[in-house]
There are 2 protein chains.
Amino acid sequence: MNIGILGLGLIGGSLGYDLRSQGHHVLGVSRRESTCQTAVALGSVDEASVDMSLLAVADIIFVCTPIALIVPQVEQLITHLSAATIITDVGSVKAPIVQAISPLWERFVGGHPMAGTADSGIEAAQKNLFVDRPYVLTPDATTPKDAIAILEEIVRSLKAKIYHCQPEQHDRAVSWISHLPVMVSAALITACTGENDPAVLQLAQNLASSGFRDTSRVGGGNPELGVMMARYNRQALLGSLQQYRQNINEFINLIEQKDWITLEAKLQSTQQARPFFTD
Amino acid sequence: MNIGILGLGLIGGSLGYDLRSQGHHVLGVSRRESTCQTAVALGSVDEASVDMSLLAVADIIFVCTPIALIVPQVEQLITHLSAATIITDVGSVKAPIVQAISPLWERFVGGHPMAGTADSGIEAAQKNLFVDRPYVLTPDATTPKDAIAILEEIVRSLKAKIYHCQPEQHDRAVSWISHLPVMVSAALITACTGENDPAVLQLAQNLASSGFRDTSRVGGGNPELGVMMARYNRQALLGSLQQYRQNINEFINLIEQKDWITLEAKLQSTQQARPFFTD
């Protein structure tokens with residue numbers, strides 16, 4: 001199969017490695033000539049170009065640009081394609097993307113491979129990045145069945161775990177387990193650094209250990225990525241944050257009222273609930 | 001030196017190993033006869049008894065009971081001691097303990113070795129538990145200098161890092177970096193499990209990965225320990241939680257107002273601030 005990859009970063013480059021190893025002919029497009037050269041030299045793609053028309057012969061195209069560019073790039077891309085071409089994307093938010101692209105292209109299937117590393121760019125791309133990782137697909141009732149089937153077969157060949165859901169369900173689920181934790185964790189850091197006794201702040205910094213390190217990790221991550229989450233998944237994230245604030249209020253009330261029995265019951269329920277997310 | 005340990009759990013038992021290896025004669029007291037036998041058999045103490053009078057010959061006594069028992073046990077303990085004996089404790093909250101014991105015993109120095117494992121009990125005790133870990137001491141102006149010096153020498157022999165501060169400063173510092181993260185993290189779990197669409201909840205559980213795992217870890221820990229933190233460090237924790245809620249409100253406001261520039265600046269500041277706590 002001829003497979004196109006638009007956007008040769010961590011995800012696009014890693015897809016290229018795996019798809020080539022499956023015997024597909026992989027065509028890559030990047031906005032930068034140097035990225036095209038690197039991708040070919042590394043063996044992530046068979047051919048690469050800054051010109052989208054390279055993808056005219058592709059049977060299926062993975063759009064792997066940063067989220068803000070997905071819709072505008074697809075708008076340009078489709079001027080080069082025949083109607084049979086399948087388009088999918090790898091954006092970490094689905095509703096706004098699906099809503100924008102579905103009216104433009106019948107054979108579009110939204111997707112989100114949930115794999116990543118702390119690094120980015122074609123140099124960070126790696127083989128087998130998607131093995132055992134979730135890969136969410138968000139087709140709707142109008143998505144052509146054969147397009148879904150072709151994409152699914154490719155995703156299965158990556159050894160990823162496929163999940164199907166509506167775009168809005170995806171966005172709410174990731175707001176809980178990915179986007180909300182970033183804000184929760186960032187607010188922890190900002191609250192601590194707001195301590196106004198310098199001696200206490202210094203002591204807190206000296207005494208912090210694994211508990212603080214883990215709880216603050218995602219809040220100390222890439223700021224641009226955090227803004228992207230908030231910007232593109234704004235409604236779902238606001239809903240999650242408001243729910244979260246209610247829960248913080250409940251903890252504050254229990255401690256104010258010295259209701260240790262209910263507090264312990266609540267902490268027992270969190271102890272019991274966590275393995276459903278982490279096992 | 002004759003060193004007493006009252007309470008033979010993880011901390012008391014681990015202290016015993018290290019102090020014996022320094023050549024001290026270690027006397028242990030536990031409420032349970034079986035724990036006394038285990039501690040002697042494991043080599044954590046030289047002698048052990050359920051009777052506090054064993055500690056009458058000790059030069060210094062480490063009180064290592066659960067936090068709720070520290071003050072009542074010290075009240076009993078001092079009836080067996082001569083006035084020269086130094087008492088220190090290892091409680092994770094300092095102000096209420098120092099306030100209660102200082103009027104009872106002149107040669108008392110509050111302490112908090114910040115070492116622990118997920119396990120507890122004498123069987124979990126280990127050698128070198130305190131190496132490179134913070135060990136906070138909270139003497140005040142009235143604490144006899146020679147008592148502080150003797151305790152410091154012992155703590156240095158454990159290869160722990162000594163910090164001095166006021167009990168209230170300790171309690172505020174640990175509320176930021178230890179007790180607040182537990183509540184922040186627990187509220188994340190309760191908020192997520194409050195999702196009322198079962199399909200979204202199931203999907204969230206399936207998609208959760210390292211970000212959620214790290215941010216939720218301390219919130220899924222021992223419920224009794226969480227209650228103890230709230231109960232004994234109530235004022236400091238409430239202060240931290242209220243500050244934290246203000247920060248959550250700020251994040252919500254920025255996202256509601258689509259103020260992406262300020263949100264990015266805030267996330268940049270958390271990215272820059274975190275290494276001061278974790279490096």
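**R217(B), with a relative accessibility of 33%, counts as partly exposed in this predicted model.** The salt-bridge partner of R217(B) is D214(A), and the closest N and O atoms of the two side chains are 2.6 Å apart. This pair crosses between chains: D214(A) belongs to helix α8 of chain A, whereas R217(B) sits in the loop between α8 (210–216) and α9 (223–232) of chain B. D214(A) counts as buried because its relative accessibility is 18%, under the 20% limit for burial. A further salt bridge joins the side chains of R217(A) and D214(B), with an N to O distance of 2.6 Å.

**The interface of chain A and chain B buries about 8500 Å².** Carbon and sulfur atoms account for 70% of this area. L207(A), R274(A) and F277(A) together contribute 9% of the area that chain A buries against chain B, more than any other three residues. In terms of contacts, 86 residues of chain A meet 86 residues of chain B.

**Polar contacts between chain A and chain B number 27 residue pairs, both members at pLDDT 80 or more.** On the side of chain A that touches chain B, at least two residues come from each of β8 (134–137), α6 (167–193), α7 (198–207), α8 (210–216), α9 (223–232), α10 (234–256) and α11 (260–278) of chain A. Helix α6(A) provides the largest share of this side, with 20 residues. By residue class, the side of chain A that touches chain B comprises 45 nonpolar, 26 polar and 15 charged residues.

**Helix α7(A) has buried residues that pack against elements of both chains.** These buried residues are V200(A), L201(A), L203(A), A204(A), Q205(A) and L207(A). Their packing partners are α6 of chain A and, in chain B, β8 (134–137), β9 (161–164), α6 (167–193) and α11 (260–278). At the start of α7(A), a side-chain oxygen of D197(A) comes to within 2.8 Å of the backbone nitrogen of A199(A).

**S240(A) is a residue of helix α10 of chain A.** S240(A) counts as buried because its relative accessibility is 2%. When residues up to four places away in sequence are not counted, S240(A) touches S175(A), W176(A) and L180(A).

**An open sheet of six strands in chain B has the order β3-β2-β1-β4-β5-β6, with parallel pairing.** Its edge strands, β3 (47–49) and β6 (108–109) of chain B, each pair on one side only. Strand β4 (residues 60–63) of chain B and β5(B) pair in the parallel sense over four bridges. F62(B) has T88(B) as its bridge partner in β5(B), and V63(B) has D89(B).

**Strand β5 (residues 86–89) of chain B is covered on both faces.** In a regular strand, side chains alternate between the two faces of the sheet. On one side of β5(B) lie I86(B) and T88(B), and on the other I87(B) and D89(B); all of these residues are buried.

**R107(B) and D146(B) form a salt bridge, with their closest N and O atoms 2.8 Å apart.** R107(B) is located in the loop between α4 (95–101) and β6 of chain B, and D146(B) in helix α5 (residues 145–157) of chain B, so the pair ties together parts that are 39 residues apart in sequence. R107(B) counts as buried because its relative accessibility is 15%. D146(B), by contrast, is partly exposed, with a relative accessible area of 39%.

**E250(B) and K266(B) form a salt bridge, with their closest N and O atoms 2.8 Å apart.** The pair links distant parts of the chain, E250(B) in helix α10 (residues 234–256) of chain B and K266(B) in helix α11 of chain B, 16 residues apart. E250(B) is partly exposed, with a relative accessible area of 36%, whereas K266(B) is buried, with a relative accessible area of 14%.

Note on methods: Residues numbered from 1 in each chain as written. Chains lettered and ligands numbered in written order. Heavy atoms only, no water. Contact = heavy atoms within 4.5 Å. Buried area = accessible area lost by both parts, 1.4 Å probe. Salt bridge = Lys/Arg side-chain N within 4 Å of Asp/Glu carboxyl O. Polar contact = N/O pair within 3.5 Å; in protein donor to acceptor, adjacent residues only side chain to side chain. Nonpolar A, V, L, I, M, F, W, Y, C, P; charged D, E, K, R; others polar. Buried < 20%, exposed > 50% of the residue type's maximum accessible area, 1.4 Å probe, protein only. Pairing = 2+ DSSP bridges.
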